[in-house]
Amino acid sequence: MQGGCKGAFMNRRTFIKQAGAGIIAIGLSGCGQRYHARTGATKNGTRPNVVLVMTDDQGYGDIAAHGNPHIRTPNLDRLWAESVRLTDFHVDPTCAPTRAALLTGRYSSRTGVWHTIMGRSMLHADEVTMADMFKAGGYATGIFGKWHLGDNYPFRPQDRGFDEVLVHGGGGVTQLPDYWGNDYFDDTYRHNGILQSYTGYCTDVWFDGAMQFIEANKDRPFFCYIPTNSPHGPYNVLDAYSNPYRNNPKVPNANFYGMITNIDDNMAKLRTRLKDLGLEQNTILIFMTDNGTAAGFSKGKGFNDRMRGTKGSQYDGGHRVPCFIHWPDGKLTGGRDIDILCGHIDLFPTLTELCWIKSPDVKLDGISIVPHLHQEVKSRPQRTLFVHSQRIEKPEKWRTCAVMTEQWRLINGKELYDIQADPSQKNDIAGEHPTIVQKLRNEYDHWWESISDRFDGYCEIVLGTKHENPSRLTSHDWHTNDGPVPWNQGAVRNAMQANGFWAVQIDRAGSYRFELRRWPKEVDLPIRAAMVKAKAIEVVRARIRIAGVDETKVITGDEKGVVFTVSLPAGSTQLQTWFIESDGSSRGAYFVYVERL
């Protein structure tokens, strides 16, 4: 597979094989013994459960407990009051990169993820995930909500360590990998790979599924990951949640706040269920968000805790987020603030230590912060963290980035802020501290060299494998050389004129059937047809190119799809398609269904 993992760490396949064979020791040894002796929190060797809730596009200021006077989050406020809080906790400025770093303990760009579309939101197949770790350690593993690290083999959550999977497609409801027509209410999602219809609001569905998983596994340790798509746009929510905010002139987006209040209600239900099942005391409950606010602070409305920037920004408002950790049996309670510089990459090694899971030989960027959680050390970690937002085909050095220490923020390699004295990052003092600027630039240079060895490769979708056959490909994952990408349903309705290729690997030589479609099968319309609020296209020919095969067929009328059956060798290649109109203009097929015959 192109971009195969290089470096001094164990290949994921080897890790899974050895874990299954019992070669990797799991249990009360190594750090587990030290931790057990340290706290005496668990009895009879019972390891804690883990519930990790991560909301989408909710910022640090979108919680009442953080000082927002406009939003209503009583249950998150209660969790805040009862938890250990990481107050200088950083993630990536956008969603897929944060997920990649969180689940691997490694910087997102190192794992192949530096965008949210364009084939650059797929997690390298050889990365070991948090779910892999927990599963190898004897935990039941489940995900409920937004995955956003690939929708085809070998990138789906069920391919990456999760036993129970209930997710929408792509990076959000209404995006192309998602089921067509989903709108947050009474949608169709994928449950363990199978499309299934659900009744109710999306966030309620995720939490209900998670609570069913928890109850089913109450007699064994479990890792329950609840990454909600809410409050990501489109901002759809019941009026009962948004109406209380409608008449407040200080609220920037009533629906956005309403979605957060709905999450707050679900957090209360989750905690009640844990308590009723007798699991609350020995469950590590983590609440965090995936980037800065998307719609909670605008033009003087809302609240951003004095921070500069919002989602996507290299300033702190784009990536400093809440992180609450609550575990009564582990003495992680009481409303304590921990203000060390830390981030999403630290949760992987921290949880492996807290749960007595011996980590495989994986080179992590994060560190365990367990000694700081338990206030066992007075010294502060002397470290430098890095954040950047690339969102292009190939990362560029110094693009939209921050180099962070506990005192300094170097922005784009040029601006320097003393974050302790200037939390709003208003006063650039680079000219006064050239030595510090150069030191931070040197650290960035070293970091960049360490993460960039696979920027030229691709994360390849594997076609014809027993794990996924047939496969459905969408233009969400086109590589377009930074051209436009039809990543959501609106782009297809508007017949966006764009094209790109899928990076694929043919699993085995043989005959493959490719069906090129404008509309997905659940819509079942002819290629030329329009629909409500959609544009018709007068396509006359369809073309496919893959692995040296280049074929064209004429479209004569009401074809819903154009089928090509071709013989392909095994190996890495690129797939590109065209729908060509009579005037010679063209666009790619937004959906391609592939089956090894």
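This is a predicted model: local features need pLDDT of at least 70, side-chain atom pairs count only at pLDDT 80 or more; totals for chains, interfaces and linings use all residues.
Trainee: How many aromatic pairs are found in the whole structure, and what makes Y235 and F256 an edge-to-face pair?

Mentor: The search of the whole structure finds 31 aromatic pairs. For Y235 and F256 the centres are 5.8 Å apart and the planes make 90°; because a pair needs centres within 6.5 Å and edge-to-face needs an angle over 60 degrees, the name applies. The pair also links distant parts of the chain, since Y235 is in the loop between β8 (222-227) and α7 (239-242), while F256 is in helix α8 (residues 254-276), 21 residues apart.

Trainee: Why is the pair of Y444 and W448 called stacked?

Mentor: The planes of Y444 and W448 are 20° apart and the centres 6.0 Å apart; stacked requires planes under 30 degrees apart and a pair requires centres within 6.5 Å, so this pair is stacked. The two residues are four apart in helix α11 (residues 434-451), and therefore about one helical turn separates them. Y444, at 0% relative accessible area, is buried, and W448, at 11%, counts as buried as well. Both belong to one aromatic cluster, together with Y107, W114, F386, W398, W447 and F455.

Trainee: How do you know that the charged end of K553 sits over the ring of F564?

Mentor: The charged end of K553 is 5.2 Å from the centre of the F564 ring, and the distance cut-off is within 6 Å, with a further condition of within 35 degrees of the ring normal. R543 likewise lies over the face of W578, at 4.0 Å from the ring centre.

Trainee: What makes β15 and β18 the edge strands of their sheet?

Mentor: Four strands form an open, antiparallel sheet in the order β15-β16-β17-β18, and β15 (385-388) and β18 (415-418) each pair on one side only. From one strand to the next, the twist averages 20°.

Trainee: How do you know that β17 and β18 pair?

Mentor: Four bridges join strand β17 (residues 408-411) to β18, and because at least two bridges are needed, the strands count as paired. One of the residues involved is W408, whose bridge partner in β18 is D418.

Technical notes. Residues are numbered from 1 along each chain as its sequence is written. Side-chain values use heavy atoms; hydrogens and water are left out. Buried means under 20% relative accessible area, exposed over 50%, partly exposed in between (1.4 Å probe, protein chains only). Axes are lines fitted to C-alpha atoms, for helices over the stretch in contact, and angles run from 0 to 180 degrees between N-to-C directions.
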